[in-house]
Amino acid sequence: MTSKKNNRVTKTAAPSRGRFVNTGNGPTFQAIDIGHRDYAAVIDPDTAFWSLVARKKLADVMLDGDLPRAYAKKADQFAREMDSLRFGLTPSAVYFNPTERCNMNCTYCYIPAEMRREGKHMPEKKLLKALEILKQYFRTTMPKGEKPQIIFHGAEPLLNRYAVFAGIEEYGNDFLFGIQTNATLLDDAAVEFLTSRNVSIGISLDAPTARIANRTRKNWDGRGTFKPVLAAMRRLNGYDGWSVICTVTDANLQHLTRLVDFFHDQEVPMCLMNILRCTLPPSRSLKPGDAKAAKHFLAALDRTYELYRETGRRLPVGNFANILLAIIAPAARRLMCDISPCGGGRCFFALASNGDMFPCSEFIGLDRFRAGNLFKDDVPAVIGSEQFRMVTERKVENIEPCRRCAIRHFCGSPCPAEAHEMNGGMDKTGAFCEFYEEQVRYAFRVIADGKVDAYLWDGWDKGIKDTFNF
Ligand code: SF4
Ligand code: SF4
């Protein structure tokens, strides 16, 4: 006797042999319009198995063509991969805040203003101790030879630069280090130190001109960051390990296409265009509508493609590249916001400058999610805490309408912090849905048109077993 788990026929009590699509133990196929002239996508939402099918032949292929046979061959592999990505990973990275302070007062920051203005640095001695504790913890969880990642993160880590640099110097052999900075303090000496130690550097810039960029990213006196950021970009030119993060808001949406030109001109190796997180009320004042956000974001992606055609040089947009990978090679994903449960508390966690631990940086400032302290508590116990489990157990299957959505494993229904703070619970959606729908539809069009290479980085497929050949 058999029953259905993840749409695969497994031994249980139901007597169906799984001969028919969409009934009994048969595969569940949902057809979606991807906005392509010739193709539609057919997806088994539970396993994220998919195929592009000629629109005219959709019914034939889906119901009694090759698709059920292809599914029967591949479903277990897809399901295994999805299970291990969703439930089999353990933390391998820490977002480490070495200070509460920031020299900036960006409109959408998730760290409360008081903390950023008057907060404390983590003293050097404590920072080194924290790295030692983390080193010992990861020794027990990670395969030998693999290095965990430490990303020094905001507020502004370079305000506590001597402690940060001491940590990188002392533990350079134990961790892969990265730093996310507003770039205003990224002077020649800092660039020399970080690049000579292969530290990956992420800087923030939201627009191609001072007038627009300075609307949301400014210091406490209201002066913008455009000029010093541009100077830092010039210093970083030629280094492989840097990227720029742009936060997409209502204030810069219309300028994303020009921003792509600007980044490409500056030879930025990779950028991220992350839609605003609406966790805290001040950021919600900059929330764009989904349709408008999608229109401008997709136009910016189009522009990266045109520039690649014109110059032969790519500008991968990391967050979109991650969605493409989620479809064509799920295990190669690098970012963990678009999978459910998301990476917060499961693939990484965040450390505040006093040692407090949170499932993700997005929760720093939300006392409810403080789960323990690195200097006082046992790390595995914190990871198993109720505060972490609220995030790590948030699944698309429990969220309406995501539980019925064909692309739920390419979107992941982000973000739990937004869902909890803005919409009232972990079983709610976050701030955007249509925006994510449009991104996934675009990704399928890219695949249908054979343009995948143009949107990813050189050598993206090295060492990757693709799970699907179109
Ligand atoms: S979805 Fe939100 S909580 Fe999860 S990893 Fe992304 S930012 Fe963090
Ligand atoms: S947020 Fe929207 S697109 Fe994402 S899984 Fe939920 S219903 Fe689907």
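In which sense, parallel or antiparallel, do strand E10 and E11 pair, and over how many bridges? This tour of a predicted model begins at that pair.

Select strand E10, residues 242–248, together with E11: the two strands pair in the parallel sense over five bridges. Within this pair, display Val244, which stands opposite Cys271 in E11.

Nine strands make up an open sheet with mixed pairing, in the order E11-E10-E9-E8-E7-E6-E12-E13-E14. The edges are strand E11 (271–275) and strand E14 (372–373); each has a single partner strand, so one side of each is left without a neighbour in the sheet.

Now move to ligand 1 and select its shell: Met336, Cys337, Cys342, Gly343, Gly344, Cys360, Glu362, Pro414, Cys415, Pro416 and Ala417. Coloured by class, this shell shows eight nonpolar, two polar and one charged residues.

The residues around ligand 2 include Cys402, Cys405, Arg408, Cys411, Cys433 and Glu437. Two helices, H15 (408–411) and H17 (434–448), are the elements that give two or more residues to this shell. By class, the shell around ligand 2 comprises eight nonpolar, two polar and two charged residues.

The chain contains 18 helices and 14 strands. Its radius of gyration is 23 Å, close to the 23 Å that the globule rule gives for 470 residues, so the chain is as compact as a globular protein of that length. The C-alpha trace spans about 65 × 50 × 40 Å along its principal axes. Colouring by burial marks 48% of the 470 residues as buried.

Note on methods: Residues numbered from 1 in each chain as written. Chains lettered and ligands numbered in written order. Predicted model: local features only at pLDDT ≥ 70, side-chain atom pairs only at ≥ 80, totals over all residues. Near = placed C-beta within 6 Å. Helix = DSSP H or I, 4+ residues; strand = E, 2+ residues; numbered from the N terminus. Nonpolar A, V, L, I, M, F, W, Y, C, P; charged D, E, K, R; others polar. Pairing = 2+ DSSP bridges. Rg over C-alpha atoms; globule rule 2.2 N^0.38 Å. Buried ≥ 20, exposed ≤ 12 C-beta atoms within 10 Å, placed from the backbone.
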